[in-house]
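Q: Please take a close look at one part of this predicted model. I would like the sheet and its hairpin turns described in one connected account.

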Amino acid sequence: MKRHRVAAVADIPMGEGREFVVDEKLVAVFNADGQFFALDGICPHAGGPLARGSIQGNVVTCPWHGWQFDIATGRHCLNPLLRHPAYTVSVDGQDLWLELP
Ligand code: FES
């Protein structure tokens with residue numbers, strides 16, 4: 001497991017996501033009511049940018065065709081067998097750190 005600093009806490013406004021390249025992976029980091037979560041940034045349906053999706057509670061909706069994922073687990077909201085990679089985000093002072101396998 002590798003730990004990477006991805007951003008400052010202030011870089012991701014409440015209720016929004018941002019996209020980062022971390023260790024050659026595109027990662028979407030979300031701020032859901034002050035809690036931070038991260039998913040692989042590329043939607044498995046057709047490659048949409050999950051970081052630009054809208055967030056309601058712990059659910060992000062892909063901006064391209066509306067697939068929805070739980071941002072805490074990566075689980076697809078309609079198909080529980082479809083699980084998108086989710087990563088652990090931790091807050092250390094003013095910084096966000098991401099753990100990648
Ligand atoms: S690319 Fe995400 S729902 Fe189609």
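A: What follows goes from the sheet as a whole to its hairpins, and then to the core.

The model is predicted. Six strands make up an open sheet, ordered β1-β9-β8-β4-β3-β2, with antiparallel pairing. β1 (2-8) and β2 are the edge strands, and each of them pairs on one side only. On average, neighbouring strands of this sheet are turned by 30° against each other, direction ignored. Strands of a sheet pair through backbone hydrogen bonds, in either a parallel or an antiparallel way.

β2 and β3 run antiparallel and are joined by six bridges. Glu19 has Ala28 in β3 as its bridge partner. The two strands form a hairpin with two residues between them. Asp23 lies in this turn and has a positive phi of about 50°. Glu24 sits in the loop between β2 (17-22) and β3 (25-32). Its phi is near 70°, a positive value in a residue other than glycine. For comparison, most residues other than glycine have a negative phi. Glu24 counts as exposed because it has 6 C-beta neighbours inside 10 Å; the cut-off for exposed is 12 or fewer.

Next comes the β3-β4 pair. Six bridges connect β3 and β4, again in the antiparallel sense. Ala32 has Gln35 in β4 as its bridge partner. This pair also forms a hairpin with two residues between the strands. Asp33 is in the turn, with a positive phi of about 55°, although Asp33 is not a glycine. The loop that holds Asp33 runs between β3 and β4 (35-40). With 9 C-beta neighbours inside 10 Å, Asp33 counts as exposed.

Further along the sheet, strand β8 (residues 86-92) pairs with strand β9 (residues 95-100). The sense is antiparallel, over five bridges. Ser90 stands opposite Trp97 in β9.

Now the core. The largest nonpolar core has 23 residues. Those that touch the most other members are Ala28, Val29, Phe30, Ala38, Leu50, Val89 and Leu98. β3, β4, β8 and β9 are the elements that give two or more residues to this core. Leaving aside its neighbours within four places in sequence, Phe30 is in contact with Gly17, Phe36, Phe37, Ile55, Val60 and Ile71.

Key:
Residues numbered from 1 in each chain as written. Predicted model: local features only at pLDDT ≥ 70, side-chain atom pairs only at ≥ 80, totals over all residues. Helix = DSSP H or I, 4+ residues; strand = E, 2+ residues; numbered from the N terminus. Buried ≥ 20, exposed ≤ 12 C-beta atoms within 10 Å, placed from the backbone. Pairing = 2+ DSSP bridges. Axes fitted to C-alpha atoms, helices over the stretch in contact; angles between N-to-C directions. Core = buried A, V, L, I, M, F, W, Y, C linked by C-beta atoms within 7 Å. Contact = placed C-beta atoms within 7 Å.
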